[in-house]
Amino acid sequence: MTGTWDDMRIFLAVARSESLSAAGRLLRMDPATVGRRIARLEHSLGAPLFAKSPQGYAMSEAGARLLRHAEEAEQAMQAATEAVAGGAGGLSGQIRIGAPDGCANFLLPQVCAAIADENPELEVQIVALPRVVNLSKREADMAIAVSAPTAGRLSVQKVTDYRLHLAASAEYLEQHPPIRNLADLKGHRIVGYIADMVFDKELDYLSDLGVTRHALASNSVAVQFHWLRQGAGLGIVHDFALPAAPGLRRVLSDEISLTRSFYLVRHADDRRLERMNRFAAALADGLRRETARLEGLT
C-alpha cells in the first residue's frame, strides 16, 4: 500500500461523512484540499475509492476493501499513542459521547464534569441526539443507548436500570379534573413523542396504555419536560429528571411505573485501547451513581 497514515485519516473522514465539506470540518481542512488528497490517493492506488454524485461520496468496492485496513491503521495509531504517553497518568485528548437527550440533559453533564475534574487534559464532548448514534461513521467514540444493538462490530455493556412515571405540574393538577384511574386520562392533554419519530421501541411509553394521541408532541425529551414544567399537560418523565423540577408531581404511580435500561456501546476494536477502557469504566460508574442519587431524591 502506498498511502500514508495521513492519507488514511483523510480517507476515513470522507468515508464516514460521505462528503468533502463534512470531512473538511472534521479534519479542519479546506474541502478542495480534501478532494485533491483523495484524488491523489486514488491515483497512487490505481482505483477509484468513491463514487461521486450530487448526493455525496459513496464508497466504491475498492473503497470498502480499503476501509477495514484504514480502520486497523487508526487503531494501531491510537494504541501507539497510548503506549508512548503511558497509561498511569490522567486521561487526555478528546472523547465524544453520543446519547439520547434525556440522559444527555440530566445525567451526563455532572458525570462528565466529574471525570474532567479528575483529568484536566481530557476534552469531553456530548452529542445529544433524538436518534441512535452511528458509531460506524464515528459520530462518536462511544454511545449511551436504551436498547442493546444486535448488529455491527460493537461492544455492548448494560450500565444501569432507570425508572419513569407519569407526571404533571402541581398547577396543572389543581386546575384540571382529578385523575383517579387510567380511564380518567382521556379527559387530559397528553405530552409525548411524535409517533413517527420514536427512534427506539423502548421509548414508546404510552401506547400500551391505550394513549395514541399526544396533543403536544416533540422528538426531544427536553421539550416535553419543559411543557410539563409549564403546566401544559401530563407526560412520562424520567425519575432522575424530577429533582430538576420540584413542581412536578407523579400521577398514578402505582398503575404507571416503567423501568428501562441504559447500555454503553463502543467500537469492538476500542476495547484494546487502555485509555478508552478507563474512560468507559469511569463513565459507567458515574452513570450508575448519579442515576441512583437522583432517583433517591424523588
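Reader: Is E18 buried, partly exposed or exposed in this model?
Author: The model is a predicted one. E18 lies in the loop between helix 1 and helix 2. Its relative accessible area is 36%, and residues between under 20% and over 50% fall in the middle class. E18 is therefore partly exposed.

Reader: What is the phi of E18?
Author: Most residues other than glycine have a negative phi. E18 is not a glycine, yet its phi is positive, at about 65 degrees.

Reader: Where is R28 found, and what is its phi?
Author: R28 is found in the loop between helix 2 and helix 3, the latter spanning residues 31-45. R28 is a residue other than glycine, and its phi is positive, near 60 degrees.

Reader: Why does R28 count as exposed?
Author: A residue counts as exposed when its relative accessible area is over 50%. R28 is exposed because its relative accessibility is 78%.

Reader: At what angle do the axes of helix 1 and helix 2 cross, and what is this arrangement called?
Author: Helix 1 covers residues 5-17 and helix 2 covers residues 20-27, and their axes come within 8 Å. The axes cross at roughly 130 degrees. That angle makes helix 1 oblique to helix 2.

Reader: Which residues make the contact of helix 1 with helix 2, and how do they divide by class?
Author: Helix 1 passes helix 2 in a right-handed crossing. Helix 1 contributes R9, I10, A13, V14 and S17, while helix 2 contributes L20, A22, A23, L26 and L27. These residues divide into eight nonpolar, one polar and one charged.

Reader: How do helix 6 and helix 9 pack, and is their crossing left-handed or right-handed?
Author: Helix 6, residues 108-118, packs with helix 9 at an angle of about 135 degrees, with the axes 9 Å apart. The two helices are therefore oblique to each other. Their crossing is right-handed.

Reader: Which residues of helix 6 and helix 9 make the contact, and what are their classes?
Author: From helix 6 come L108, Q110, V111, C112 and I115. From helix 9 come F279, A282, L283, G286, L287, E290 and L294. By class, the contact has nine nonpolar, two polar and one charged residues.

Reader: Where does R272 lie, and how far is its C-alpha atom from that of D184?
Author: R272 lies in the loop between strand 11, residues 257-267, and helix 9. R272 counts as exposed, at 60% relative accessibility. R272 and D184 are 88 residues apart along the chain, and their C-alpha atoms are separated by 54 Å.

Reader: How many helices and strands does the protein chain have?
Author: The protein chain has 298 residues, of which 46% count as buried. Its C-alpha atoms fill a box of roughly 75 × 50 × 30 Å along the principal axes. The secondary structure comes to nine helices and 11 strands.

Definitions and conventions:
Residues numbered from 1 in each chain as written. Predicted model: local features only at pLDDT ≥ 70, side-chain atom pairs only at ≥ 80, totals over all residues. Heavy atoms only, no water. Axes fitted to C-alpha atoms, helices over the stretch in contact; angles between N-to-C directions. Helix = DSSP H or I, 4+ residues; strand = E, 2+ residues; numbered from the N terminus. Parallel < 35°, antiparallel > 145°, perpendicular 65-115°, else oblique. Left-handed = near helix turned anticlockwise from the far one by under 90°. Contact = heavy atoms within 4.5 Å. Nonpolar A, V, L, I, M, F, W, Y, C, P; charged D, E, K, R; others polar. Buried < 20%, exposed > 50% of the residue type's maximum accessible area, 1.4 Å probe, protein only.
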